[in-house]
Amino acid sequence: MRRILITGGAGFVGSNLCARLVQEKENHVICLDNLFTGRMVNIEPLMGLPNFEFIKHDVQEYIDIPCDQIYNAACPASPPAYQQSPTNTTKTCVLGILNMLELAKKYDATLMQFSTSEVYGDPEVHPQVESYRGCVNPIGIRSCYDEGKRCAEALCFDYHREFGTKIKVIRIFNTYGPNMDPQDGRVVSNFIIQALKGEDLTIYGDGSQTRSFQYIDDLIEGIYRMMNTSRGDFLGPVNLGNHGEFTMLELAEKVLAMTGSKSKIVFRPLPGDDPTRRQANTDVAYRELQGWTSKITLEEGLKKTIPYFENYCR
């Protein structure tokens, strides 16, 4: 069987990836997570399956697991979570990728690094293309995550050049869907929960800042194609995101309309270093990943996501 290690496998993206990969009976999926932000409830449906196992472990510490593929998704991904312990976030990014690269080198495994659109910072190029090097504050309140991910990308390519380690790098734009932690502070989950509870929807800034919102199924398909592409020399980085662009105010209004909520929209000061515009250019993904593109519209994705949070709010 093909042994697949997924770090951060009990998190939002990791658990959805685990669920996709265990469907292929030739895969033995090993979910590694220290449960700092990952949740056992996300992988409960998989526990007991013969081709799935869970190991509680922190990627900051080396672990020797024979494997053929490694998906490195371990790291808090929402600002409240990664700012809760910024030094721990940076160590997870840097020590975690070093340990996984050593593991990949030992077993000649292919490692995929889950990077982020945050490597572009507050971009001066719009939409963001992979060749853009970013505009990141290296000493700001978000730098633990932004610079941690940038360093992880650098280490991946250095290991590839120096040791021939097989790598792939993806840059994930804002993603939402089932298995999101309702308490992690991401904008989609915040708006939906506030609307369902009849609370004010909180917008930081004037609501004009933009994001691309990608439904989780589209992301998982892009991840799968990137790992299994026949183009072995295509390493990335590659943007995986929705090519649409929505303001925070537009998102809030959509959530209110789709939930039927009577909640009001209120405005609060914008946090430091919060990007003003964010939109994925996905031309490279379309060209290199067999025509991959985000297919699920924001409305369709919200229809799939709102029931998940309705269960939480009951």
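Contact here means heavy atoms within 4.5 Å. I am working from a predicted model, so every entry below is a reading of that prediction.

**Entry 1: Asn 242**

I started with Asn 242, which sits in the loop between strand 11 and strand 12 (246–247). Buried or exposed? I found Asn 242 buried, at a relative accessible area of 7%; the cut-off for buried is under 20%. Leaving out residues up to four places away in sequence, I listed its contacts as Ser 212, Phe 213, Gln 214, Ala 280, Ser 294 and Ile 296. I then looked up what its side chain reaches on the backbone. Another is the backbone oxygen of Phe 213, at 3.4 Å.

**Entry 2: the nonpolar cores**

Next I went to the largest nonpolar core, which has 56 residues. Which members touch the most others? They are Tyr 71, Phe 114, Ile 170 and Ile 223. Helix 7 (residues 216–228) gives this core its largest share, seven residues. I also noted a second, separate core of 24 residues, with Leu 5, Ala 74, Tyr 159 and Val 169 among them. As background, nonpolar side chains tend to be buried together in soluble globular proteins.

I followed up on Ile 223. Not counting residues up to four places away in sequence, Ile 223 touches Val 13, Leu 17, Tyr 71, Met 112, Phe 114, Ile 170 and Leu 240.

**Entry 3: helix 7**

Helix 7 is mostly covered, with 10 of its 13 residues buried. I wrote down the buried ones, including Ile 216, Leu 219, Ile 220, Ile 223 and Met 226. Asp 218 and Arg 225 are buried in helix 7 too. I also checked the length: at 1.5 Å a residue, 13 residues should span 18 Å, and the end C-alpha atoms are 18 Å apart, so the two agree.

**Entry 4: helix 5**

I ran the length check on helix 5 (143–163) as well. Its 21 residues should span 30 Å at 1.5 Å a residue, and its end C-alpha atoms are 29 Å apart, which agrees. Among the buried residues of helix 5 I noted Cys 144, Asp 146, Lys 149, Glu 153, Cys 156 and Tyr 159. What covers them? The cover includes helix 3 (79–84), helix 4 (86–107), strand 5 and strand 6 (166–172). After helix 5 comes Gly 164, with a positive phi near 75 degrees.

Most residues other than glycine have a negative phi, and most peptide bonds are trans. I went looking for exceptions.

- The bond from His 126 to Pro 127 is cis, with omega near -10 degrees. I placed Pro 127 in the loop between strand 5 (110–116) and helix 5.
- Gly 236 and Pro 237 are also joined by a cis peptide bond, with omega about 0 degrees. Pro 237 belongs to the loop between helix 7 and strand 11 (238–240).
- Leu 35 is not a glycine, yet its phi is positive, near 65 degrees. I found Leu 35 in the loop between strand 2 (27–33) and helix 2 (40–43). Its relative accessibility is 27%, so Leu 35 counts as partly exposed.
- Gln 290 has a positive phi of about 55 degrees. Its loop runs between helix 9 (283–288) and helix 10 (298–313). With a relative accessible area of 49%, Gln 290 is partly exposed, because exposed would need over 50%.

Terms used
Residues numbered from 1 in each chain as written. Predicted model: local features only at pLDDT ≥ 70, side-chain atom pairs only at ≥ 80, totals over all residues. Heavy atoms only, no water. Core = buried A, V, L, I, M, F, W, Y, C linked by side-chain atoms within 4.5 Å. Buried < 20%, exposed > 50% of the residue type's maximum accessible area, 1.4 Å probe, protein only. Helix = DSSP H or I, 4+ residues; strand = E, 2+ residues; numbered from the N terminus. Polar contact = N/O pair within 3.5 Å; in protein donor to acceptor, adjacent residues only side chain to side chain. Expected span 1.5 Å × (residues − 1).
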